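Biologist: Show me the model, please. Then let us go through the terms.

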Amino acid sequence: MSLSAISATGTGPLPPRRAHWADAISALLYRRHGLWLAALLLPPLLWFGIIYLGSLLSLLAHSFFRLDDYSGLIVYEIGLSNFIEIFTPANLDVAFRTTLMAVLVTLACTAIAFPIAYYMARYAHGATKALFYVAVMLPLWSSYLVRLYAWKLLLAKEGAISWFAQALGVQGALDALLGLPVVGGHSLSFSPLGTFIVFVYMWLPFMILPIQAAIERIPSSLLEASGDLGASPRQTFRRVILPLAMPGVAAGSIFTFSLTLGDYIIPQVIGNSTLYIGQVVYRQQGVAGNLPFAAAFSLVPILVIIAYLWFAKRKGAFDAL
């Protein structure tokens, strides 16, 4: 076939493709897998290093400055006055109260979540298991503030819980509980007990799901072997299930403990005038304009969480994340 015929029919050889810079980069990344991995990790590492760690370092730097009482301006002179002020009795009381609340909320969430998670992992199947997942996740689908103010109405003196207590004839017991000096108050919505209840409700899903995942990974053969060796159901739970589920408990406790430690909205809406760390930081920065002391005091929960993460890591928490 002649060249003219080939060109006429359009079946001739195609012209050479012009090399493009994108092809060269693609070939380079294909040959060097380490370079491709570095290109994938560079954007999140830059975000983590510049935005997250940069803001923490800026926070740490401001904690060494002080606020001039006369002008209300920040004096950029390095000192330890803010850290010394943290060790005053009032501030230590706030730190202890917040940490104690975080521990109690974590323990309560564990006690409530474990039976639910165990049933989901071992007995629920098909539609029942899907229903449990929806029930656990459903509160997270609504707004945080909507749930919080709904509990405000439920815990009010004229709310549904007080009405239900009157209907059951236990209003006297509820009033006696609210009369206690440490946990009580004018009503459930103005008491540390009410704050505790709302904290447990808010963070309970974050405890159920890690425990359920940990229990679901326990091989059934271990439970059968425990029974074949003569262990009772109670012994199997105590010596097989509970130790293997502890990574899930530790992983869930990381969420419940840290979220309680840093939250300031729930104590602001539910509870009396008792202060927590988040409220002190918010008032010092947003109301008083004392950014240096707010920065110094915000390091307290960071140090507490670091210590807690170290403890949780020893319990194998990150194996269940």
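This is a predicted model: local features need pLDDT of at least 70, side-chain atom pairs count only at pLDDT 80 or more; totals for chains, interfaces and linings use all residues.

Modeller: H5 bends by about 35° at Ala113. A proline, Pro115, follows within four residues.

Biologist: How do you know that the bend sits at Ala113?

Modeller: One axis is fitted to the seven residues ending there, another to the seven starting there. At Ala113 the angle comes to about 35°, so that angle is the bend.

Biologist: What makes the span of helix H5 close to the expected one?

Modeller: Helix H5 covers residues 89–122, which is 34 residues.

Biologist: Why are the two spaces called cavities?

Modeller: Because a 1.4 Å probe fits there but cannot get out. Two cavities of 30 Å³ or more are counted.

Biologist: What makes Leu155 and His186 part of the lining of the largest cavity?

Modeller: Lining residues have an atom within 4 Å of a cavity point. Leu155 and His186 are among them, as are Lys157 and Asp175. Helix H9, residues 171–178, gives the largest share, four residues. By class there are five nonpolar, four polar and two charged.

Biologist: How do you know that the lining of the second largest cavity has no charged residues?

Modeller: Asp, Glu, Lys and Arg count as charged. The lining is Ser191, Pro192, Thr195, Pro267, Ile270, Gly271, Asn272, Thr274 and Tyr276. So the classes are four nonpolar, five polar and no charged.

Definitions and conventions
Residues are numbered from 1 along each chain as its sequence is written. Side-chain values use heavy atoms; hydrogens and water are left out. On a 1 Å grid over the protein atoms alone, a cavity is a set of points where a 1.4 Å probe fits but cannot get out, and a pocket is an open set with protein on both sides within 12 Å along at least five of seven lines; lining residues have an atom within 4 Å of a point. Grid points are joined across faces, edges and corners, and a volume is the space filled by probe spheres set on the points. Helices (H or I, at least four residues) and strands (E, at least two) are DSSP runs, numbered from the N terminus. The expected span of a helix is 1.5 Å times one less than its number of residues.
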